[in-house]
Structures are given as C-alpha cells and as structure tokens.
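The sequence and the model are shown first, and a description follows.

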Amino acid sequence: MLHKINQKSGISHTRKIIQKVKVERPEFTVLSGFDEYYLVNRISGGDGVLCGLINIEPKLFATLHKAFENKDFLTVEKCAHQISILMKLYDTTDLFVTGIKAAVKAKGLNISTYTKEPVIQLTEEQFDNIENIINEVNESLLV
C-alpha cells in the first residue's frame, strides 16, 4: 500500500516521493515541475521534468536526456548550464506563460504573445530582455 504523501513543493519533497513510490510501483513516473530540477530528479531515481522551457529549446532537453542516459556528463553539464541561463525567462514577465510565449516568438515562430486579462501584456522592454536571454544562451554555445 502506498504511503500518503502531502503535496509540497521543492526537490526534497520530490526525492521523498521517488523513494517511497518507486519501491512499490517502479513503473510509476515521477516528474519535477521546474526545468532546472532535471538532473537531481534523475539522480534521485525520477523520470525527468514537465517544464516550460522545453517549448523554447526542445533540442536542448532532448540532448540533455540522451546525454544523461549515455552517461555523457560533459554534455549534461553544458546543457544544465544553458538551462540555468534560460531560467531567467521566468523572471521577465508577471506570468511565466507570457514569457515562454515571447521566448518562442523571439526564437522565430511568429506567434501571438497575447494573454487574457487580468494578466498584464508583454511590454517591449520585457521582449527585449527575453531576446537578450536567448542571445546569452546562444553565445554560451560558442564557448
């Protein structure tokens, strides 16, 4: 019988869930919600993340996953570094969905960044900040 686990946030809580659930139900998938928690989730026995940044950089997350599976930790480190830069996107707008949509647009997909009220619409300054973050990630690839 599974133990009752109260809902909480944070990777320590996720680790505890993994340790309790996987013993009884190894096929049960445990994901983290924050992009930067991929590594600690996997190292703790979890299955990865369900996150927003994958909409912007799907290849980055696919590369991270493949590298982790293949124990290519140099590539894992590079991917994790890029994700840590991209995490700044969550601080650019009042609602993270607006920032994600703007980043997808900044990457070249001509989509609307409109969000329904009461959400505050994306400003030009916020979009410029988002483009700068995308450029910072691209520059980190050159190093």
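## A loop with a cis bond

P118 is located in the loop that runs between α5 and α6. In this predicted model, the peptide bond that joins E117 and P118 is cis, with an omega of about 15°. Most residues other than glycine have a negative phi, and most peptide bonds are trans. The loop between α5 and α6 also holds T123. T123 counts as partly exposed because its relative accessibility is 37%, which falls between the limits of under 20% for buried and over 50% for exposed. T123 and T93 are 30 residues apart along the chain, and their C-alpha atoms are separated by 8.7 Å.

## The chain as a whole

The chain has 143 residues, of which 36% count as buried. Its secondary structure consists of 6 helices and 2 strands. Along the sequence these elements follow the pattern α-β-α-β-α-α-α-α. The C-alpha trace spans about 50 × 40 × 20 Å along its principal axes.

Helix α5 covers residues 96–106. Within α5, the buried residues include T98, G99 and I100, and A102, A103 and V104 are buried as well. Together with L95 and V97, F96 forms a nonpolar patch on the surface. The three residues of this patch have about 220 Å² of accessible area together. After α5 comes G108, which has a positive phi, near 120°.

## The loop between α3 and α4

K71 is found in the loop between α3 and α4. Its phi is positive, near 60°, although the residue is not a glycine. K71 counts as exposed because its relative accessible area, 62%, is over 50%. In helix α4 lies V76, which is buried because its relative accessibility of 4% is under 20%. V76 and V21 are 55 residues apart in sequence, and the distance between their C-alpha atoms is 26 Å.

| Residue | Relative accessible area | Class |
|---|---|---|
| K71 | 62% | exposed |
| T123 | 37% | partly exposed |
| V76 | 4% | buried |

## The largest pocket

How much space lies in the largest pocket? The volume is about 310 Å³. The pocket is lined by 15 residues, and those closest to its centre are L60, K78, C79, Q82 and L141. Which element provides the largest share of the lining? That element is α4, with 5 residues. Sorted by class, the lining of the largest pocket is made up of 5 nonpolar, 6 polar and 4 charged residues.

Note on methods:
Residues are numbered from 1 along each chain as its sequence is written. This is a predicted model: local features need pLDDT of at least 70, side-chain atom pairs count only at pLDDT 80 or more; totals for chains, interfaces and linings use all residues. Side-chain values use heavy atoms; hydrogens and water are left out. Patches are made of residues with over 30% relative accessible area and no salt bridge: like charges are joined within 9 Å, nonpolar side chains (Val, Leu, Ile, Met, Phe, Trp, Tyr) within 5 Å. Accessible areas come from the Shrake-Rupley method with a 1.4 Å probe; for residues, only the protein chains shown count as cover. A salt bridge is a side-chain nitrogen of Lys or Arg within 4 Å of a carboxyl oxygen of Asp or Glu. Helices (H or I, at least four residues) and strands (E, at least two) are DSSP runs, numbered from the N terminus. On a 1 Å grid over the protein atoms alone, a cavity is a set of points where a 1.4 Å probe fits but cannot get out, and a pocket is an open set with protein on both sides within 12 Å along at least five of seven lines; lining residues have an atom within 4 Å of a point. Grid points are joined across faces, edges and corners, and a volume is the space filled by probe spheres set on the points. Ala, Val, Leu, Ile, Met, Phe, Trp, Tyr, Cys and Pro count as nonpolar, Asp, Glu, Lys and Arg as charged, and the others, Gly among them, as polar. Buried means under 20% relative accessible area, exposed over 50%, partly exposed in between (1.4 Å probe, protein chains only).
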